[in-house]
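The report follows the structure.

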Amino acid sequence: MSVLVWIEHIEGKPAASSLEVLGQARAIADGLQVPLYALVLGTDTGAETDSVAANVANYAPDAVLTLTSPELATYRLGVYAEALKAAIAAQDATVILTAATTQGRDVCAAAAFDLDAGLAPDVVDLRVEDGQFIAVRAIYSNNILADITFSGPRSFASVRPRAFPMPSPADNAAPITPLAFELPADVVTETVLESRVVGGGEISLTDARIIISGGRGVAHDPVRGFTLVEELAKTLDAAVGASRAAVDAGYVPYKHQVGQTGKTVRPDLYIAAGISGAIQHLAGMSGSKIIVAINQDASAPIFERAHYGIVGDLYEILPALTAAAAKRLG
Amino acid sequence: MKIAVLIKQTPDTAELPKVSAEAVSTHNVQATMVINPWDEFAAEEAIQLAERFNAETVAISLGPAEALDGLKHALAMGVDAATLIDSGADPNAIDLSAAAKILAAAVQAEGDVDLVITGKQSVDGNSSAAQVGIARKLGVPLVTNVVKVVDIADGSATVERLADGIQETVQVALPAVLSVGKEINEPRYPNFMGIRRASRAQIPTRELDELGLGDLAPLTQWANIRKPESRRTQVQMIEGSSPADKAEKLVDALLAEKVI
């Protein structure tokens with residue numbers, strides 16, 4: 001029996017969302033009194049997998065498992081699911097965790113369905129109670145929570161980014177153990193013809209520590225409004241979000257949308273500028289630690305969910321905030 | 001060619017916050033039920049692909065016997081046919097694993113389906129797992145978060161997907177499962193003719209035991225269903241003599257909160 005965490009990596013570094021899961025997995029493994037393994041998948045050209053594994057080794061797993069193959073050069077669900085299953089079999093993993101990125105959700109679910117095991121997707125909490133592993137799901141668009149328990153020998157969960165804090169690296173490093181991997185001949189998978197990174201350098205909404213969002217309140221001059229949002233975001237090292245109204249009006253692309261039919265986010269700080277606070281929007285951001293609302297309408301529902309509010313013209317308040325933040329943060 | 005589109009009936013998004021923990025526990029959610037918003041994109045794509053590649057389309061839904069409005073919406077949009085799989089007396093018995101087995105069997109029961117299209121997720125379950133489960137149980141390839149179907153030819157589909165900041169062009173052999181994102185199309189509003197056709201349609205219902213399913217024992221159990229704790233909601237309004245004054249006070253407060 002063991003706990004296994006799949007660590008995604010980007011540009012030679014483990015993904016923050018995966019390390020957050022690994023941090024909490026330490027407590028789960030201790031609670032279940034079983035070893036904790038971190039799994040790094042990559043090509044057998046070596047360098048990237050090894051440097052990621054060396055980095056992950058400082059985050060308190062009992063060992064980092066590396067599983068390499070030329071077949072793993074590009075993400076393909078069919079192949080990655082086989083690799084995860086190979087590691088599960090090799091270590092007799094009984095609790096299998098991934099970050100709930102798109103890849104993490106899909107790979108976790110595929111392995112769970114293949115092994116006919118219980119699955120809890122996109123969970124917001126993990127704990128051990130009376131020797132039993134429990135995952136907490138947020139359903140009805142974050143309006144209902146439920147404790148999930150599992151029957152059968154294996155439990156699978158993908159964990160929402162920022163559900164747990166980023167762990168601190170330790171001084172001592174866990175051993176790195178390479179595992180053998182041979183792709184089954186009959187594997188069903190996709191062929192990637194072309195792949196490119198989009199929005200390079202942008203902070204992703206789900207990983208962001210700070211988000212500045214714009215809404216219908218910028219309608220008077222949307223280009224200027226979102227330029228002001230972006231300037232504040234740049235100053236605070238934040239991601240740019242938007243309400244559905246702003247996306248539907250074409251002010252910004254859909255990938256910025258926060259809410260029920262957009263992304264669920266939980267940053268430390270969420271600044272909503274010109275967003276009235278439709279419940280579909282609130283469902284996507286009410287897990288934020290501190291919410292600031294800037295709106296001209298003092299009766300806007302967003303103020304009922306906010307910790308700090310400014311009634312005013314966002315075309316004046318946003319540049320003033322950018323200036324004040326730049327001054328105080330140097 | 002035959003395209004199956006999976007439809008779930010879910011509460012209207014405006015009513016989700018009113019859903020009580022007790023209603024979820026007892027499977028008695030009293031809300032206006034509509035087609036899951038994400039599934040409208042799936043239905044629209046099925047209709048467009050049917051026009052582009054001369055296919056027939058069928059909508060499949062798993063739910064209580066009276067849950068026909070989602071399927072009727074798909075029919076009104078222009079999907080050719082619909083089938084409801086009756087989830088039976090005890091909806092508690094159907095977890096993600098059982099739902100995947102049931103829906104995979106339902107797709108097989110439609111005959112030679114070349115393409116299964118689903119929405120990205122449902123607004124009630126939020127699992128994004130159905131598409132994965134169906135593909136794995138059918139043993140066919142899956143592409144999630146598809147934003148464009150480039151071509152379907154010679155027994156394979158070429159699609160673009162966008163996920164985790166990476167845009168890919170991906171090819172899969174048919175049959176295959178695709179889940180579609182919001183970027184893929186603009187779902188049509190049903191017109192009068194469509195609504196009339198859908199209201200007159202007889203939607204066949206299949207019982208679970210007609211699908212020849214094996215073990216459907218749930219692999220997960222739900223407990224302690226509850227509302228999230230309500231948080232401090234007392235807003236502190238920042239007053240000031242000018243925008244600059246208000247801005248400085250807010251920045252001070254955020255520094256004190258240690259969030260910037």
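How many bridges join strand 4 of chain B to strand 5 of chain B?

## Basis of the model

This is a predicted model, in which local features need pLDDT of at least 70, side-chain atom pairs count only at pLDDT 80 or more, and totals for chains, interfaces and linings use all residues. Residues are numbered from 1 along each chain as its sequence is written, while chains are lettered from A and ligands numbered from 1 in the order in which they are written.

## Parallel strands in chain B

Six bridges join strand 4 (residues 56-63) of chain B to strand 5 (residues 81-86) of chain B. The two strands run parallel. Strands here are DSSP E runs of at least two residues, and helices are H or I runs of at least four, numbered from the N terminus. Two strands pair if DSSP finds at least two bridges between them. B:Leu62 stands opposite B:Ile85 in strand 5 of chain B. Between strand 4 and strand 5 of chain B, the chain passes through helix 3 (residues 69-77) of chain B, a right-handed β-α-β crossover. Right-handed means that, with the strands pointing away from the viewer, the path from the first strand over the helix to the second runs clockwise.

Strand 5 of chain B also runs parallel to strand 11 (residues 205-207) of chain B, with three bridges. There, B:Leu84 has B:Thr205 as its bridge partner.

One open sheet has six strands in the order 14(A)-13(A)-15(A)-16(A)-17(A)-13(B), with parallel pairing. Strand 14 (239-242) of chain A and strand 13 of chain B stand at the edges; each has a single partner strand, so one side of each lacks a neighbour in the sheet. A:Ile210 is bridged to A:Leu269. Helix 5 (residues 222-236) of chain A packs on the sheet and touches strand 13, strand 14 and strand 15 of chain A. Its direction makes about 175 degrees with that of strand 13 of chain A. Axes are lines fitted to C-alpha atoms, for helices over the stretch in contact, with angles from 0 to 180 degrees between N-to-C directions.

Strand 17 (residues 308-311) of chain A pairs with strand 13 of chain B, parallel, over two bridges. A:Tyr308 has B:Gln236 as its bridge partner.

## The contact between the chains

The contact takes 77 residues from chain A and 70 residues from chain B. Residues are in contact if their C-beta atoms, placed from the backbone, lie within 7 Å. On the chain B side, helix 7 of chain B supplies the largest share, 10 residues.

Technical notes:
Contact = placed C-beta atoms within 7 Å.
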